Amino acid sequence: MNASTVQTRSATGHIDIRDVNIRFTQNGVPFDAVKNVSLDVKPGEFVSIVGPSGCGKSTLLNIVAGFLRADEGTVTVDGRAVTAPGADRGVVFQQYSLFPWLSVRQNVEFGLKMQGVSRSTREVKARTLLGLAGLLSFENHYPDQLSGGMKQRVGIVRALATSPQVMLMDEPFGALDSQTRVVMQEILTNMWQQLQLSVLFITHDIEEAIFLSDKIYVMTARPGRIKAEIPVPLPRPRTPDMTSSPTFLALHRQLKALIREESLAAMGGELKEGGLAGHDWHVGAEGVGAML
Amino acid sequence: MSTVMRMHSIDDAAPPDAAPADAPAPVRAVAPVAVPGGAPAAPATAAPLRLTPAQRLGRTLRRELPTWALSALSIVLLIGFWHLATTYRWVFYIRFTNVPGPVEVFGDAMNLFGNKGFATHVMLSLRRIMLGFAIATVLGVTLGLLIGRYRRVRSLLFPAMEIVRPIPAIAWVPISIMLWPTTETSIVFITFIGAFFPILLNTMHGVASMDAVLVRAARCLGATEFALMTQVVLRGAMPHIFTGLAVGMGVAWVSLIAAEMISGQYGVGYFTWEAYSLIEYSNIVIGMLVIGVLGLVCSGGIRLLGRLLMPWQASSGKENSR
């Protein structure tokens, strides 16, 4: 199982981001949130974006999802320009986004209902997917009766129900405790293995990115640029014991160093702008120096 | 005198209490010793898991009985006070001289409830409430959703509503009589006015306080704007809408009764006011009580409907509604 077999798994689900620029205004001052970003997710590929917080990785995902428009550049999925949100791109959010008034199964059926799929077909499809995620016995529960990890699994299943060509995941496990997180990563990689699907995955967790991805993009501190594109040569299917393999550890070191540079740059920027200097009664000048 | 004595008795009791205060040490020490032997106690604590229905009923009774007893007591105290005050015609700034007592009211009520005329009053009031409230619900929820979701609609409609909103429904009575062709429609209109604003504002608040990620999620799942409004925004705002309906129902009754008293023919409000004019004192109290009961039934109906339409709330809100 190498990257080339992954590519042939499906013919659709190609995300192409070309020379994208986005500017925001903060307190009346415009700034570049994302600058000259180009990246692509090939059909069936699992791609992660890592970077320091505030680097614009979520902004990028929001553009592909259709919530934001790029000021310059093009974003296409299978050659079609992205103009609005749509069921061809499944999105999993960091916050739990299940409809609290619908049962687990009704949540999963929602997208199909929007497409006018008949009740019986919806039910069959929803139950199949819930079974795949080990949630079938909870189909009639309401979201508030589920744990955080289960809610997020339902969120993933719901996004998968309309058979999107691509999945966009914005730090989906960010709110979970570390044990649940690891289990969720295994579940996700197994589900991805079974479904022909491209995934664009945002995270700040390096291990998570390596464990799940075929390719990792590292973004710079604001303005967000692509700093590095790093292929992950670990074989598929991924197993938990791979996290201690030399390849994994070497990648981990490399990525950690890259992100550390950017985090320091981000903090350096804040220091220059007086962001941290304003707090030096608390940290102390030597303290900041030591952090750097 | 008695307080002094009580203080003495405490003082007297103090030495004997103080003496064992040292002594309890060995006594207390017995308790921990009993814990290892507490093995037989374990089945006793495990037992509640397997309760027969009779045992469970017994437990419920034991737990709930004090609450029920207190509730009953509060009602008995109210009626008792009413009875004493009217029997002995108490006057202490407030005058109970002409107020009918509970026995008299109860007797008259029994006669009245068999009377067809009184049923007409009740039915007419209910019809007015239902009509006014239904129109207020449809308009209030629809406009609340539109104003809550679309900034343009808000800019267009909300300022005008903000001017009209602080006017109490009762203040609408004269203009309402002029505006509407019949007394009946003008009373329904005033009831509507009373219910409309609480429903509108709570619906708007419900839309505003809904988690924006739900709307995003729905759009990603292919929801059209119409589906978004009917299946996401409406559902998400539902808890607040029901708060609005409950408040609106209360204000609707206030408005209805006032309107009936001022301009009415028929209705419980009219009946109550007429009883005063005709010096039928116990009918005043009967009218009041009937209005209270009808209001209670109406808000109970709304709460029940809310629970039926929002079953998901039962799982999340339980801890708060104990």
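Analyst: Here is the reasoning behind each label, taken from a predicted model.

User: Start with chain A. What makes up its secondary structure, and how much of the chain is buried?

Analyst: Chain A has ten helices and ten strands. It has 292 residues, and 41% of them are buried.

User: Which residues does A:R222 touch, leaving aside its neighbours within four places in sequence?

Analyst: Its contacts there are A:A33, A:G54, A:C55, A:G56 and A:A266. Take A:A266. It is 44 residues from A:R222 in sequence, yet the two C-alpha atoms are 7.1 Å apart. Contact itself is judged on C-beta atoms, within 7 Å.

User: Why is A:N36 called partly exposed?

Analyst: A:N36 has 15 C-beta neighbours inside 10 Å. Exposed needs 12 or fewer, and buried needs 20 or more. The count of 15 falls in between, so A:N36 is partly exposed. This residue lies in strand 2 (residues 29–41) of chain A.

User: What makes the backbone of A:N36 worth a look?

Analyst: Its phi is positive, about 45°, and A:N36 is not a glycine. Most residues other than glycine have a negative phi. A:D78 is another case, with a positive phi of about 55°, and it is not a glycine either. A:D78 is in the loop between strand 4 (72–77) and strand 5 (80–81) of chain A. It has 15 C-beta neighbours inside 10 Å, so A:D78 too counts as partly exposed.

User: How do you know that strand 1 and strand 2 of chain A are paired?

Analyst: Pairing takes at least two bridges. Strand 1 (residues 15–26) and strand 2 of chain A have nine, so they pair. They run antiparallel. One bridge partner pair is A:I15 and A:V41, the latter in strand 2. The two strands form a hairpin with two residues between them, and A:N27 takes a positive phi near 50° there.

User: Why are strand 2 and strand 5 of chain A called edge strands?

Analyst: Look at the sheet order. It is an open sheet of four strands, 2-1-4-5, with antiparallel pairing. Strand 2 and strand 5 each have a single partner strand, so one side of each is left without a neighbour in the sheet.

User: What makes the bond between A:R236 and A:P237 stand out?

Analyst: It is a cis peptide bond, with omega about -10°. Most peptide bonds are trans. A:P237 is found in the loop between strand 10 (226–231) and helix 8 (246–272) of chain A.

User: What else describes chain B?

Analyst: There are 15 helices and two strands. Of its 322 residues, 30% count as buried. The chain is divided into domain 1 (75–102) and domain 2 (113–314), according to a domain assignment. Taken over C-alpha atoms, the two domain centres are 35 Å apart.

User: How many residues does each chain bring to the contact between A and B?

Analyst: Chain A gives 22 residues and chain B gives 17. On the chain A side, strand 6 (89–92) and helix 3 (104–114) each supply at least two. That side divides into twelve nonpolar, eight polar and two charged residues.

Conventions:
Residues numbered from 1 in each chain as written. Chains lettered and ligands numbered in written order. Predicted model: local features only at pLDDT ≥ 70, side-chain atom pairs only at ≥ 80, totals over all residues. Contact = placed C-beta atoms within 7 Å. Nonpolar A, V, L, I, M, F, W, Y, C, P; charged D, E, K, R; others polar.
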